[in-house]
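Q: Got a model here that I'd like to talk through. Can you take me around it?

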Amino acid sequence: MKELRVAIIGCGTISHRHMKVWKNIPQVKVVAVAEIEEPTLKLWGERYGFAEKDLYHDFREMLKRDDIDAVDVCVHNNLHTPVSTYVLKAGYPCYSEKPMSATYADSKLLYDTAQATGQKLAIQISSLFSMQTYIAKKVLEAGKLGNIYHTRVANVSRRRRNNVDRAALFTSPAFRDKVIAGHGQIVDLGIYHFGQMLYLLDLPELTSVLGKLHNGVEMPNEAWAKSHAMGVEDMGVGFATFANGMSMEIQEASAVNTDEHNDHHILGSKGALMWGMTDDFGGDWSMGGNGGGFGGGGLPPMLQPQLKYRGQDEFGFDVTIDYHAYDNQQDFKTYDPDMMQWFDNQLHWYNYLTGKLTDETRYNTPLIGLNTSLLTEGLVLSSDLGRAVSADEIKAMSKSLAIWKQETPWGIFDYEA
């Protein structure tokens with residue numbers, strides 16, 4: 001099978017997860033990398049054994065090479081659209097980290113650029129790539145739930161503010177900087193939960209959103225508050241309605257004074273699907289090292305996605321079915337290695353680029369990302385205006401937060417030039 005030569009833009013924490021996965025796909029070779037921070041670039045090159053000629057400060061120079069087949073974008077939120085649209089216009093397929101962007105306007109621009117250039121685009125939405133999603137889709141398509149009328153997306157961490165709390169202190173300060181990140185929890189982890197739910201429900205047409213953003217939990221002390229100021233929300237709550245009559249309640253929080261909970265469910269007239277964890281981490285290869293390969297190992301128990309059905313059987317008895325989603329995932333990928341394309345983002349993208357998956361058979365992550373951006377933008381605008389907003393209002397009022405001109409140690413990079 002043809003070797004795919006990939007270039008990476010951005011050498012931050014997430015790029016190392018991507019490299020873990022690329023090493024599990026023998027047909028992929030990472031040939032070059034770009035990063036504006038010299039120490040980060042140097043350490044990255046040393047860690048992975050890259051020659052100096054394959055390390056770039058300006059990704060635009062890197063894209064002039066003649067040995068690149070596709071580009072993996074690992075930059076921060078408000079650079080996703082500028083960098084990814086540049087990549088697409090330069091003639092390369094693009095795989096971009098989540099979220100698609102911090103605003104609907106920027107996501108729409110990225111989506112439209114992919115359509116206009118004809119280049120293949122993918123957005124990292126790891127929650128799609130698990131047996132939890134695979135089973136849930138089959139249950140829904142079989143009509144086991146009956147008429148779907150309500151869903152709940154709730155993911156609450158007691159203390160997981162990026163670069164603030166112990167659980168996420170390793171992350172970059174950029175995640176709490178509004179200029180670079182745009183928003184907090186609703187686009188950081190919310191992308192996974194909203195994206196998975198909207199995909200499973202066949203991307204229903206959004207009609208309205210009532211939302212409220214909070215920055216509610218106090219810092220532990222004054223010194224920490226000064227050195228780790230939160231420029232983005234730590235919680236987003238809301239209520240959305242859709243043209244098919246369905247409703248959705250939302251609670252996304254990176255810091256609260258309660259116990260943690262992960263409570264996603266879909267309610268139907270005949271039964272319900274109930275979540276146990278969601279893959280926010282990137283799957284077996286991303287997290288599990290050698291144990292994440294074909295045939296065993298993988299995520300630790302606390303991170304394993306699960307799924308249950310509760311409803312009535314054909315005899316009218318109330319039943320609960322545990323689909324043992326993660327155990328089935330390990331079995332299915334062992335007995336049929338082709339199943340792994342449904343359990344890993346990057347393998348899925350590789351198979352799409354090489355023709356094993358088509359536009360009809362792949363997960364259309366750009367369209368899922370665009371629908372997710374419309375929902376999250378609704379939460380933001382509703383919170384700002386103090387009232388519910390319609391989908392048409394969201395589209396009309398959304399504004400770009402993208403960074404089109406970036407100050408770097410190597411000068412100002414103008415991505416519109």
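Q: How many helices and strands are there in the chain?
A: The chain has 15 helices and 18 strands. These are DSSP runs, numbered from the N terminus: H or I of at least four residues for helices, E of at least two for strands. This is a predicted model, where local features need pLDDT of at least 70, side-chain atom pairs count only at pLDDT 80 or more, and totals for chains, interfaces and linings use all residues. Residues are numbered from 1 along each chain as its sequence is written, and side-chain values use heavy atoms, with hydrogens and water left out.

Q: What does the C-alpha trace span along its principal axes?
A: About 70 × 50 × 45 Å.

Q: How much of the chain is buried?
A: Of its 417 residues, 56% count as buried. Buried means under 20% relative accessible area, exposed over 50%, partly exposed in between (1.4 Å probe, protein chains only).

Q: Is Cys11 buried or exposed? And which is Cys74, buried or exposed?
A: Cys11 is buried, at 3% relative accessible area. Cys74 is buried too, with 6% relative accessibility.
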